[in-house]
Amino acid sequence: MFESSRQGSSKLLSLLVPRDWSRSTLKDILNNKDRRSELIGTYIECEITKMNTTGVTAALIAGVISSGFDWYNIDDTAWVTRAMWFSGLILAVASVASSAIQTAAFLRIKCSRDVTTSFIKALGNYETKDGHWHPHALTPYVLGGPTLHLKLAVLAFLVGLFYELWRAAVAAQLAWKSDELRIAFIATLIGGFVVVNYIFASFTLVHNSMHIKKEPKV
């Protein structure tokens, strides 16, 4: 029962925090003595690619949020909407900055004389008395920081957007003949469809990754 509850919490957490929240991947890499150097090199390449993708996406999201402040009626929006959009903009910029920092850090590790040692020191890994390596508890959270900031930026923008849509609908006394209510209803319908698909895709990927016990036969 406890194991089931822990897996359920991990699935919920995966909606915001990437799958590498689990330390199992890093632990497997560090304790594979035969292929450690090779696996570390592959992991670094994957992290650099992920950080580049996250940084570019966050920059695009920042542009989308910034364009919202150019709307003709931005001065008439609620303070909640503007607060959420400013927060989303800050989070998007933080995602870009943290992605760049981590990319630079991994490139330095990749170019060092001893990649394995530099990797172990940089990520705060430590060796126990039984000879097994373990990543620091906060390492997965730090590595997932840029993606977490990006997801929160999107969430903040959407919360502000839907708040403004329904505020206008309420101001129109929720009359179906009003354009404000129709716009809010249709936008919420589409938004709900997107959220359901996102949750389904995230849970499916996490569930499948958690239940791989051996390599599939080709």
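In the predicted model, Glu-164 is located in helix α7, which spans residues 145-171. With a relative accessibility of 15%, Glu-164 falls under the 20% limit and is therefore classed as buried. The side chain of Glu-164 forms a polar contact, at 3.0 Å, with the side chain of Thr-81. When residues up to four places away in sequence are set aside, the residues touched by Glu-164 are Asp-76, Thr-77, Ala-78 and Thr-81.

Aromatic pairing was examined next. The arrangement of two aromatic rings is described by the distance between their centres and the angle between their planes. Four aromatic pairs are present in the structure. In one of them, Tyr-43 and Phe-119, the ring centres are 5.8 Å apart and the planes meet at 80°, so the geometry is edge-to-face. Tyr-43 belongs to helix α3 (residues 36-68) and Phe-119 to helix α5 (residues 115-122); the pair therefore ties together parts separated by 76 residues in sequence. Tyr-43 and Phe-119 are both buried.

An edge-to-face aromatic pair is also formed by Phe-69 and Trp-85, with a centre-to-centre distance of 5.9 Å and an angle of 85° between the planes. Because Phe-69 lies in the loop between α3 and α4, and Trp-85 in helix α4 (79-110), this pair ties together parts that are 16 residues apart in sequence. Trp-85 has a relative accessibility of 0% and hence counts as buried. Phe-69 and Trp-85 also belong to a cluster linked by ring pairs, together with Phe-86 and Phe-157.

Note on methods. Residues numbered from 1 in each chain as written. Predicted model: local features only at pLDDT ≥ 70, side-chain atom pairs only at ≥ 80, totals over all residues. Heavy atoms only, no water. Helix = DSSP H or I, 4+ residues; strand = E, 2+ residues; numbered from the N terminus. Buried < 20%, exposed > 50% of the residue type's maximum accessible area, 1.4 Å probe, protein only. Polar contact = N/O pair within 3.5 Å; in protein donor to acceptor, adjacent residues only side chain to side chain. Contact = heavy atoms within 4.5 Å. Phe/Tyr/Trp six-rings, centres within 6.5 Å; stacked < 30°, edge-to-face > 60°.
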